[in-house]
Amino acid sequence: MKRLLFCVLLLVLAGCRREADVPGGSGAVAPAPGGAATPAAAGAEVPLVDVMESTSGYIIGISYPPGAARYPGLASALKAYADSARGDLMDAVATAGEGGEGMPYDLSLPFDIVLDTPQLVAVKAEGTSYTGGAHGTPLVARFVWLPERQELLSAPALIPDPAGWRDVSAFVRESLHAALSQRIDADELEPVERARLLRSIGRMIDDGTEPQPANFAAFEPVPGPDGRLRALRFVFPPYQVGPYSDGVQTVEVPASLLLPHVAPAYRGLFAAG
């Protein structure tokens, strides 16, 4: 019933929203991923309560995944991310005043479990925060919890070697450039327009995949047949490696490329060879 009420709220929310006619956007930055949150003390319960609020000035819908609260550190990170997004929305509401632009501001933030094993629990957050303009600000984050170690797996801890991020960056860039070329070819554009898009979006790809851990903070584990990871799926929100209209983009990087650079403490998670 709770999920049903949340979906009804989102349908009401969608009816209040204007459709964006122009691609692109403000480039606003989403709240920092939950890996930056301070974990809850071991054993301390962190309640995760869905939020459904609707007023004349704003609408908020936050939905947590069932079972996530059994890991207090993970629950703390999810709640911190949601609280940050909610705080940003309420700041915008207060600044705009009652009614804003004549339509409600809104926050839609569902969390979902994408992997749940004794070794790894992965949660994704994909939502939007609308505070005016053509469209909302994307909220995209991933949280990978290691139950046996009671910690969030972060990109800097996973690959501490700068050379590793250079290899990851090169692989991801090549994949994104190839996908871009295929999309543009499918549109059968004029040569001048094709060259312009390849140049402008290609620059976004290069800037958004600089070999720094912060550019690869959102990732999902991709398990193989034996349960060990055969790849990591790196997730890029709109604006990072393409315009808003391109949506969320992902690239799977195989374990064979990652493993030589993975910190010793986490190598056992990956499939060898």
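Me: Is Phe-234 buried or exposed?

Reply: Phe-234 is buried, its relative accessible area being 0%. Buried means under 20% relative accessible area, exposed over 50% and partly exposed in between, with a 1.4 Å probe and protein chains only. This is a predicted model, in which local features need pLDDT of at least 70 and side-chain atom pairs count only at pLDDT 80 or more, while totals for chains, interfaces and linings use all residues. Residues are numbered from 1 along each chain as its sequence is written, and side-chain values use heavy atoms, leaving out hydrogens and water.

Me: What kind of pair do the rings of Trp-165 and Phe-234 form?

Reply: A pair of aromatic rings is described by the distance of the centres and the angle of the planes. Rings of Phe, Tyr and Trp (its six-membered ring) pair if their centres lie within 6.5 Å; planes under 30 degrees apart are stacked, over 60 edge-to-face, and the rest tilted. Here the centres are 6.4 Å apart and the planes at 75°, so the pair is edge-to-face. Trp-165 is in helix 4 and Phe-234 in strand 8 (residues 229-236), so the pair ties together parts 69 residues apart in sequence. Helices (H or I, at least four residues) and strands (E, at least two) are DSSP runs numbered from the N terminus. Trp-165 is also buried, at 2% relative accessible area.

Me: Which residues form one aromatic cluster with Trp-165?

Reply: Phe-216, Phe-219, Phe-234 and Phe-236 belong to that cluster with Trp-165.

Me: Which residues of helix 5 are buried?

Reply: In helix 5, Leu-197, Ile-201, Gly-202, Ile-205 and Gly-208 are buried. They cover an arc of only 125° around the axis, which puts them on the same side of helix 5; the arc is that of the directions from the helix axis to the C-beta atoms. Helix 4 (162-186) is included in what covers these buried residues, where contact means heavy atoms within 4.5 Å.

Me: In what order do the strands of the open sheet run?

Reply: Strands of a sheet pair through backbone hydrogen bonds, either parallel or antiparallel. Two strands pair if DSSP finds at least two bridges between them. In this model 6 strands form an open sheet in the order 1-2-3-4-5-6, with mixed pairing. Strand 1 and strand 6 (151-152) are the edge strands, each pairing on one side only. Strand 1 (residues 51-54) and strand 2 (residues 58-63) run antiparallel and are joined by 4 bridges. A hairpin of 3 residues connects strand 1 to strand 2.

Me: What is the bridge partner of Glu-53 in strand 2?

Reply: Ile-60 is the partner of Glu-53, while Met-52 is bridged to Gly-61.
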